[in-house]
Structures are given as C-alpha cells and as structure tokens.
Amino acid sequence: MVAAASVGGVAHYRSAKSASAKEVAAKARPAMAAELARAQEGFVLIAGDSHAAALHLPCDSVNVAVGGLKAHEVRAHLAQLPMPVEPSAVLLVVGTNDVLRKQSPLERVDDWVSAVRQVVGRFRKVVVTAIPPVGEELAAIFDPDAILVYSHRLDHLCSGGGCVYADPWNALRSRLFGQARPGALVDGLHVADHTAAVQELADVLCRDQAQRADGVETVKVD
C-alpha cells in the first residue's frame with residue numbers, strides 16, 4: 001500500500017503503476033494556476049496532501065493540495081504556482097506521507113521541519129495543522145509515534161511566531177495521539193466527517209473575510 005492521491009478532494013489509493021504524486025501535481029498545476037489567476041483579494045490558499053484536498057472552507061478559497069505529497073514536494077509544488085494575488089492566509093496540512101515507517105521518519109524529522117518552515121516563511125499568515133491520526137490497521141505502515149513527534153515539532157515551530165498551530169483532528173484521536181478512534185476514518189487513513197474540522201479552521205481562516213464583508217477594518221498588530 002502507498003499513500004493516497006487526491007486532487008479536488010477525491011481520494012484514492014495509487015498502485016505502483018499509477019502516476020506519482022509529483023506527476024499528478026505537475027498535471028494539475030495549469031488548472032490550479034488558472035484558478036489562482038481568478039482569485040480575489042483576501043482569498044485563503046489551501047495546500048498540502050489529501051487531507052488538505054478534502055477540505056472546503058465556507059469562504060473564498062483556492063485548493064492546490066495534491067494527495068500523496070510530502071512536505072518537500074509541497075514546497076516545490078507551491079514554488080511552481082504563480083500567485084498574482086497574495087492570499088490573506090494559508091492552510092497547510094502536511095505530514096502523513098512523511099511518516100511512513102519505511103522512510104524511518106523519526107530519523108528525518110529535522111529535515112521535515114525545515115521544509116515546512118520554508119513554506120511557512122513564504123506567506124504572511126499560515127495555519128498549520130497537526131498530522132491527523134491513522135487507523136490501528138495501518139499502524140504497521142504509518143508510524144503513530146512519528147505523528148505525535150512531528151505534530152509537537154509543528155507546535156514548537158509556530159510557538160516561535162510565523163504560523164498558527166491547530167489540531168482540528170483532536171476529536172478523532174484515541175488515547176494514543178497518532179491513532180484514530182474506531183469509526184473516525186473511512187479507510188484507516190482519511191477522515192469520515194470533516195464538519196467539525198472545517199468549522200474550527202473556518203473560525204480562524206475565514207474571520208478576516210467575514211469582517212471585511214461586514215465593513216469592519218482589521219488592524220494588524222506586530
């Protein structure tokens with residue numbers, strides 16, 4: 001089994017003969033670039049893996065997530081997308097494809113954090129989520145301990161400024177941070193119901209748009 005691929009929120013498992021996540025991203029970029037060219041000031045950019053691709057915020061947003069991408073691949077993917085209008089905020093969901101046991105994730109955490117830091121550094125406001133849990137049946141493939149370690153490193157990264165850490169998946173977790181409770185996922189990997197997560201993220205990411213719509217001026221405080 002390999003990581004899931006998704007563009008536009010439709011997830012599926014890739015076989016060894018299917019296109020790689022990087023190839024899928026390359027083919028999707030022209031359409032994504034066209035959508036970014038039409039984006040209005042104040043839009044939210046959604047980036048990352050299949051968890052990000054499945055998210056649909058109740059405000060103006062452009063989703064450029066591609067299932068199967070690792071952190072350094074998300075960084076490269078974003079670098080190749082034109083941004084005629086700077087997003088007011090970025091939602092970044094990444095990490096699941098970096099914690100495959102075969103990749104020895106606990107030995108690579110510093111490189112992973114470095115790739116995430118470079119993405120965060122590109123934008124004015126970034127909300128970075130914890131890594132979602134995986135099902136117990138996939139614990140031999142994805143490392144639940146690495147999910148905890150990587151997520152804590154994200155929290156530490158954002159505590160230094162430059163990003164906001166959020167865990168909209170907390171209700172899905174069992175007593176083990178990296179492992180999902182029964183019924184929370186549809187396939188051991190993907191979230192069955194995004195309603196609560198979307199609401200939590202929208203409270204942070206869509207607030208500025210709502211205030212502008214109400215005629216309330218926002219003031220940035222350094």
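# Questions on a predicted chain

Me: Which residues does Gln 103 touch, not counting residues up to four places away in sequence?
Reply: In this predicted model, Gln 103 is found in the loop between S5 and H4. Leaving out residues up to four places away in sequence, its contacts are Lys 70, Asn 97, Asp 98 and Arg 108.

Me: Does Gln 103 count as buried or exposed?
Reply: A residue is buried when its relative accessible area is under 20%. Gln 103 has a relative accessibility of 15%, so Gln 103 counts as buried.

Me: How many helices and strands does the chain have, and in what pattern?
Reply: The chain has seven helices and seven strands. Along the sequence they follow the pattern β-β-α-β-α-β-α-β-α-β-α-β-α-α.

Me: What is the mean pLDDT of the chain, and over which residues is the pLDDT below 50?
Reply: The mean pLDDT is 90, and 86% of the residues reach 70 or more. Over residues 8-16 the pLDDT is below 50, though this stretch has 25 contacts in the model beyond near neighbours in sequence. Where pLDDT is low, the predicted coordinates should not be read in detail. The pLDDT is also below 50 over a stretch with four such contacts, residues 216-222.

Me: Which residues of strand S6 are buried on each side?
Reply: In a regular strand the side chains alternate between the two faces of the sheet. Strand S6 spans residues 126-129, and both of its faces are covered. The buried residues are Val 126 and Val 128 on one side, and on the other Val 127 and Thr 129.

Me: Which residue of S6 stands opposite Val 90?
Reply: Strand S5 (residues 89-93) runs parallel to S6, and three bridges join them. In S6, the residue opposite Val 90 is Val 126.

Me: Which helices make β-α-β units with S6, and of what hand?
Reply: Helix H4 (residues 109-120) makes a β-α-β unit with S5 and S6, and this unit is right-handed. Helix H5 (residues 144-159) makes one with S6 and S7, and that unit is right-handed. The helices are therefore H4 and H5, and the hand is right-handed.

Me: How far apart in space are Ser 88 and Val 126?
Reply: Ser 88 lies in the loop between helix H3 (71-79) and S5. With a relative accessible area of 10%, Ser 88 is buried. In sequence Ser 88 and Val 126 are 38 residues apart, while in space the C-alpha to C-alpha distance is 9.0 Å.

Me: What share of contacts between residues at least 6 apart in sequence join residues at least 24 apart?
Reply: The chain has 222 residues, and buried residues make up 51% of them. Among contacts between residues at least 6 apart in sequence, the share joining residues at least 24 apart is 72%.

Me: Which exposed residues lie on the face of H6 turned away from its buried side?
Reply: Helix H6 (residues 195-205) has the buried residues Ala 197, Val 198, Leu 201, Ala 202 and Leu 205. These cover an arc of only 130° around the axis, which puts them on the same side of H6. The face turned away from that side carries the exposed residues Thr 195 and Ala 196.

Conventions. Residues numbered from 1 in each chain as written. Predicted model: local features only at pLDDT ≥ 70, side-chain atom pairs only at ≥ 80, totals over all residues. Heavy atoms only, no water. Buried < 20%, exposed > 50% of the residue type's maximum accessible area, 1.4 Å probe, protein only. Helix = DSSP H or I, 4+ residues; strand = E, 2+ residues; numbered from the N terminus. Arc of directions from axis to C-beta. pLDDT = per-residue confidence, 0-100. Contact = heavy atoms within 4.5 Å. Pairing = 2+ DSSP bridges.
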